[in-house]
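Welcome! Have the sequence and the model open beside you, and work through each exercise before reading its solution.

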Amino acid sequence: MSTLVIVESPTKARTISNYLPQGYRVEASMGHIRDLPSSADEIPESVKGTKWAQYGVDVDKNFEPIYVIPDKKKKVVAELKKALKEADKLILATDEDREGESISWHLMEVLKPKVPIERMVFHEITSEAIRKALNNCREVDQNLVRAQETRRILDRLVGYTLSPLLWKKIKRGLSAGRVQSVAVRLLVQRERERRAFQSGGYWDLKALLEQEKTPFEAKLITLDGKRLATGSDFDANTGKIAAGRDVVLLDEAQATALKERIEDKTWQVTNKEERPTTRKPAPPFTTSTLQQESNRKLGISARDTMRIAQKLYEQGYITYMRTDSVHLSEEAIAAARSCVEQMYGKQYLSPAPRKYKNKNKGAQEAHEAIRPAGNTFRTPKQTGLSGRELSLYDLIWKRTVASQMAEARLTQITVNIQVEDAGFRASGKRIDFPGFFRAYVEGSDDPEAALENQEVILPPLKVGDKPTCKELDVVGHETQPPARYSEAALVKTLEKEGIGRPSTYASIIGTIVDRGYVIIRNKALIPTFTAFAVTSLLEQHFSDLVNTNFTSQMERTLDEIAAGQAEWLPYMEGFYLGEKGLYNLVKVGEEAIDATVAKAVALDNLPAKVKIGRYGPYLEVENGEETIAASIPQDLTPADLSPEQVETIVRQKIDGPDELGKHPETGDPIYLKTGPYGPYVQLGDKDEDSKKKPKQVSLPKGIKPEEATLEMAVGLLALPRLLGNHPETGGKIKASLGRFGPYVVHEFKDEENKAQKDYRSLKAEDDVLSVQLDRALELLAQPKRSRGGGKKKPLRELGPHPEDKEPVNVYKGPYGNYVKHGKINAGLPEGETVEGITLEKAIELLAAKAATKKKTTTKKKTTTAKKKTTTKTKKKSSPA
């Protein structure tokens, strides 16, 4: 007999098994083994047809959840039951947060073990941590289980109650969520502010001065003793100087006149101030701050950050990655200080160990910050990691080590310089001792380079010095609207407002992007027209659900349930039932909400209405007695839609497309049109009597409609261009424009005389209309790269296939995530996650896919054979 240890994933199982004594067997549950029904097919027959069956929660029976074991988990459960029969003890070693506690509870409920049960928790997978955990096992924490279950039920009821209402009133396929809807509203509110923003202009002077042959810059700050206006003095709603601001506002003419008046006059230093200051290192990472900094520094999304961190944890490189805590254990502090002393010297150590405390009262996800695992920290080079795993480990290592380093000591230098009635200021900064800057500078990948950028050196100036003016420039400024949220900024705001849990932020952002509420452009999260419509409906009829204070209070109550300080059932009843409960509010809304109004998107200063239709957003405008509807291009967001664009889209709908000219060879008109996927050119008119469509080609990325010319259109319509023949194969080489941009292609036949095509994307400096054969040959000679800029990177590597040892990986595709082995691809079933999928499960999916292909092939052959047989029979039975 042995002790059975159950964890969530095979990777974690393999790592932990290295540190357990003999007689211990480790198996993986593959995440949750049961959950609420995800589809109608999973609803048990015993409850089908009942009032609450579709919700998966029986509200009338004290919100009793209807748990089911999905088909894909039945084999896992059977294997765990079999393993349990051979064990004399069960240890549940799932993650130490609420989700992990819930998985352990479900395992107990389903497996119904008759042997002793213990709950083992640890926040890092090292020999010492596992040994301590084995000696300090406990029971499953029912408060944590209840808190997770309450969250799950709450989220299910919110989503399954509200989403159907959105389908009826706006568009099918939409969803609402307890946290996701608040996150979308934050983005919509920011976009509304940007649309309402009125820009203001102001001018000032910038001087290049020189003292003892050392140049430095100074900016105009006062005129005749009064402060010069800056961007912060403007009212965002008017674009004018805000009321009560006693400042000087210069226009271009006034600034130019001032320049001409003072540039040849005497400049004199009137004051110099040196102010010493210190900077303390940031605390070690929490889940939230890791997501923020990973996005800012490494450009990695919150979702991918958590995937990589999960892998690092399961492989034993870092501590548990879902935590609100900034605390470091005594062992971790000692390890970090040892790294500092060895790599930077004793002078870079903080005088005493730094101990950080949480400002967030709800911080209780785990006991320690995210840090390198173990009592000694492996340097990034010692790990053997590569790619994004190495980058993230390096980030965690630096942040942890820096937290135990000395403060950085700096001197801020301010020099005031007067010329006539104009006051200028030069600002400098000197690093007296870099301290923790040597290891870690927020927002920078290279601490040493960042040190240089941090310093602004001024010459040795003193009061009375008369520097020489070398240049004096007039500089114009425009006030800018509030910046859009990046993933990092949204995560920071959600945490600050107490909305959701940091461990859920990655999935929240992924969901609102996947559902079409947000697009990501240059790292900015931009809400779509659908986001505006849904947010408006929720604000008007379910204001509490998108109110940050209400949602934050809900989160605090759930924390109180986890701590055993609040009862879950009264809370659920108050939230969902009664006159003001969500269920009744939705029933009222079904009658009260006008779908026509709900589909409308309220945008100011537009000469048309914007509505959400079955196939996407469109414009609606009155043209006499007729109502004109015109689709809005898919890449156009509410932020981009201007009166000029509305006019163009509507005009093309009414008058037809703009004609660029006639084709020089055919004489057919060439039109410039705008469709759902953006601007394109079209050759000729559509013949109603013919099914043949006129040729259409999209404008290359970066080309605006107003930049399109007849010559360009003729060239695009002539694509693909034949550039010549390959000197080795004799195959044709062509240039053309495809779904992913411009490219060149080599068409040839292989050794088996089969037609082949070898593609290469054109670079930014290449023009598809003018690229020549020699350049195409140069590109084709380079190693082939994927659209991602290299070999397509898997979302997760599962391991080698047992039959041929070839890799089995998880990839992201245009229709969802899938597993791949050789030439076989199999999509992940609904509910299966990248983190949860195992090698064993992937092999099952791939085998099923391969079998389906064989059956399809066999079926085709059989059908063909039957047809032939039928034909022959008919011939035999036909009369002579």
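## Exercise 1: A threonine and its surroundings

Thr-379 counts as buried, with a relative accessibility of 19%. (Buried means under 20% relative accessible area, exposed over 50%, and partly exposed in between, using a 1.4 Å probe and protein chains only.) Before going on, note that this is a predicted model: local features need pLDDT of at least 70, side-chain atom pairs count only at pLDDT 80 or more, and totals for chains, interfaces and linings use all residues. Residues are numbered from 1 along each chain as its sequence is written, and side-chain values use heavy atoms, with hydrogens and water left out.

**Task.** Find the loop that holds Thr-379, then list its contacts beyond neighbours within four places in sequence.

**Solution.**
- Step 1: Thr-379 sits in the loop between helix 10 (330-344) and helix 11 (380-383). Helices (H or I, at least four residues) and strands (E, at least two) are DSSP runs, numbered from the N terminus.
- Step 2: Setting those neighbours aside, Thr-379 is in contact with Met-343, Tyr-393 and Trp-397. Contact means heavy atoms within 4.5 Å.

## Exercise 2: Aromatic pairs

**Task.** Describe the ring pair of Trp-52 and Tyr-583, and work out why it ties together separate parts of the sequence.

**Solution.**
- Step 1: The whole structure contains 15 aromatic pairs. Rings of Phe, Tyr and Trp (its six-membered ring) pair if their centres lie within 6.5 Å; planes under 30 degrees apart count as stacked, over 60 as edge-to-face and the rest as tilted.
- Step 2: The rings of Trp-52 and Tyr-583 are 5.1 Å apart centre to centre, with 55 degrees between the planes, a tilted pair.
- Step 3: Trp-52 belongs to the loop between strand 2 (24-28) and strand 3 (57-58), and Tyr-583 to helix 19 (residues 582-592), so the pair ties together parts that are 531 residues apart in sequence.
- Step 4: Trp-52 is buried, at 4% relative accessible area.
- Step 5: Ring pairs also join Trp-52 and Tyr-583 with Tyr-55, Phe-63 and Tyr-576 in a cluster.

## Exercise 3: Another pair

**Task.** Classify the pair formed by Tyr-67 and Trp-105, and decide whether each residue is buried or exposed.

**Solution.**
- Step 1: Tyr-67 and Trp-105 form an edge-to-face pair, 6.4 Å centre to centre and 65 degrees between the planes.
- Step 2: Tyr-67 lies in the loop between strand 4 (64-65) and helix 2 (71-85), and Trp-105 in helix 3 (residues 98-111), so this pair ties together parts 38 residues apart in sequence.
- Step 3: Tyr-67 is buried at 18% relative accessibility, and Trp-105 is buried at 14%.
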